[in-house]
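I opened this model to note its surface, its helices and its aromatic rings. My entries follow in the order in which I looked things up.

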Amino acid sequence: MTQTPATPLPPPKERRRLREAASLTQAQLATRVGVSRETVRAWETGRTTPRGRKREAYAKWLNDLAEGTPAVEEAGVDTEVKAGAEAEAAAPEARPEPHHADIVVVEIPVPHTDPVPAPLTPAQAFDALYAFCAPALVRQTYLLTGRRELARESVERAFQTAWQRWPEVAVDRDPAGWVRSVAYEYALSPWHRFRPRYRHPEPPPPAPADRAVLTALLKLPPSYRRTLLLYDGVGLGLAELAAETEASTPAAANRLLHAREAVAARLPELSDPAVLHRRLTELASTGRLHAAKPPTVRFVGERRTQFWTRAAIAFTVAIIGATTLTVWTAPTHYVPPVPLGQRVEGVPARVVQGSLSAAEMELRDRLRSGMTVGPERLLPLSR
């Protein structure tokens, strides 16, 4: 594959100076380029460097700002407003001096300030994030798994997790990236193959070209598929891709190259990254993928959290009850077990009484004679 030369960029300090000269904030420039405000801040401090299509868009904006053509339009300054302001500034000089009998009214200029918008509630902020990210995220997870139902379930489960941990997500530098990472991890989990509803594949797209692209994607390993989708589909830079996939930059670059080679081996017309990006976008747009409403996602997430919380409490109470019952009924001292009865063996069999043998008669005589040799017996006297 041929490597296109990177678009030159001014130094980081010059980038910031151009933005400030055009009266643009980092958030405004980030919205126009299509990245987050933290990404623009990293570009202006030199901590990271833009890559790919983001670099081209950022370089185009910087060139336009350097030429000075869009600065006035983006800052929202109108020449008529400027002229009106200059006329108002020059008006007091042209006014005639008032007489002593007239009442002098001094006009104190009040600076014009925009009304401060009311802060969003957590539910409103969550609904805004869901409305902005959920439709595109469902299409992305469909390209990862090839299953429409699993794509919707992954996105809903990711946003339910985000609602449970909203204090953490709300202050994250990239909330959309946080939700996207959770959705990808859930969609690529190997445990889905054991679920009955996902044992059989879904019907492929009707168009042969779309079917071929989806088949080529699903033949890739999950890590390669995710890397290809994030770089050529979503448009992340190499540094952002490595951070989201929790890999080093060389490892992420190698995964991307191997994924492109594997796709190009099956479909040679997709060897061009621009064509691959266009085909991925078309394939994601062909499926009828719809996400649930934000209140529904929040309600289901809260119900699931309540269920598992109550289940954990019930399980803990059961363990405490079983432990208490065991301690209460356990013996306080050692009681030796009663041995089981054993069969006595070796007892001679009973015989019929008859005449004594010679040996038995000899033993009887010996016993009788031995009893008379001992001491006299003491007999009690009755008085």
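Entry 1, surface and totals. I looked up the accessible surface of the chain, which comes to about 27,300 Å², and carbon and sulfur atoms hold 59% of that area. Accessible areas come from the Shrake-Rupley method with a 1.4 Å probe, and for residues only the protein chains shown count as cover. The model is predicted, so I kept to pLDDT of at least 70 for local features and 80 or more for side-chain atom pairs, while totals for chains, interfaces and linings use all residues. Residues are numbered from 1 along each chain as its sequence is written, and side-chain values use heavy atoms, with hydrogens and water left out.

I then noted that buried residues make up 27% of the 383 residues in the chain. Buried means under 20% relative accessible area, exposed over 50%, and partly exposed in between (1.4 Å probe, protein chains only). For secondary structure I found 17 helices and zero strands. Helices (H or I, at least four residues) and strands (E, at least two) are DSSP runs, numbered from the N terminus. Of the contacts with a separation of 6 or more, 70% are between residues 24 or more positions apart; contact means heavy atoms within 4.5 Å.

I took rings of Phe, Tyr and Trp (its six-membered ring) as paired if their centres lie within 6.5 Å, with planes under 30 degrees apart stacked, over 60 edge-to-face and the rest tilted. The count by this rule is nine aromatic pairs. Why is the pair of Phe 126 and Phe 159 edge-to-face? The ring centres are 5.9 Å apart and the planes stand at 80°, so Phe 126 and Phe 159 fall in that class. Phe 126 is in helix H7 (residues 122-145) and Phe 159 in helix H8 (residues 148-164), so this pair links distant parts of the chain, 33 residues apart. Both residues are buried.

Phe 126 also pairs with Trp 163, and this pair is tilted, at 5.2 Å centre to centre and 55° between the planes. Phe 126 lies in helix H7 and Trp 163 in helix H8, so the pair ties together parts 37 residues apart in sequence. I looked up burial for these two: Phe 126 has a relative accessible area of 0%, and Trp 163, at 18%, also counts as buried. Phe 126, Tyr 130, Phe 159, Trp 163 and Trp 166 form one aromatic cluster.

Arg 298 lies over the face of Trp 163, 5.7 Å from the ring centre. The rule for a charge over a ring is NZ of Lys or CZ of Arg within 6 Å of the ring centre and within 35 degrees of the ring normal.

Helix H14 (residues 249-266) has 18 residues and reaches 26 Å from its first C-alpha to its last, close to the 26 Å expected at 1.5 Å a residue. The expected span is 1.5 Å times one less than the number of residues. Which residues of H14 are buried? They are Ala 252, Leu 256, Ala 259, Arg 260 and Val 263. Down the axis of H14 these fall within an arc of 100°, so they line one face of the helix; the arc is that of the directions from the helix axis to the C-beta atoms. An α-helix has 3.6 residues a turn, so residues three or four places apart point the same way. On the other side of H14, Pro 250 and Ala 265 are exposed. The buried residues of H14 pack against helix H12 (222-234), helix H13 (238-244) and helix H15 (273-286).

In helix H11 (residues 208-218), I found Asp 210, Val 213, Leu 214, Ala 216 and Leu 217 buried. They cover an arc of only 160° around the axis, which puts them on the same side of H11. The buried residues of H11 pack against H7, H12, H14 and H15.

Glu 246 lies in the loop between H13 and H14. Its phi is near 55°, a positive value in a residue other than glycine. Most residues other than glycine have a negative phi. Glu 246 is exposed, with a relative accessible area of 76%.

Leu 62 is found in helix H4 (residues 52-67) and is buried at 2% relative accessible area. Leu 62 touches Leu 9, Pro 10, Arg 15 and Leu 18, not counting residues up to four places away in sequence.
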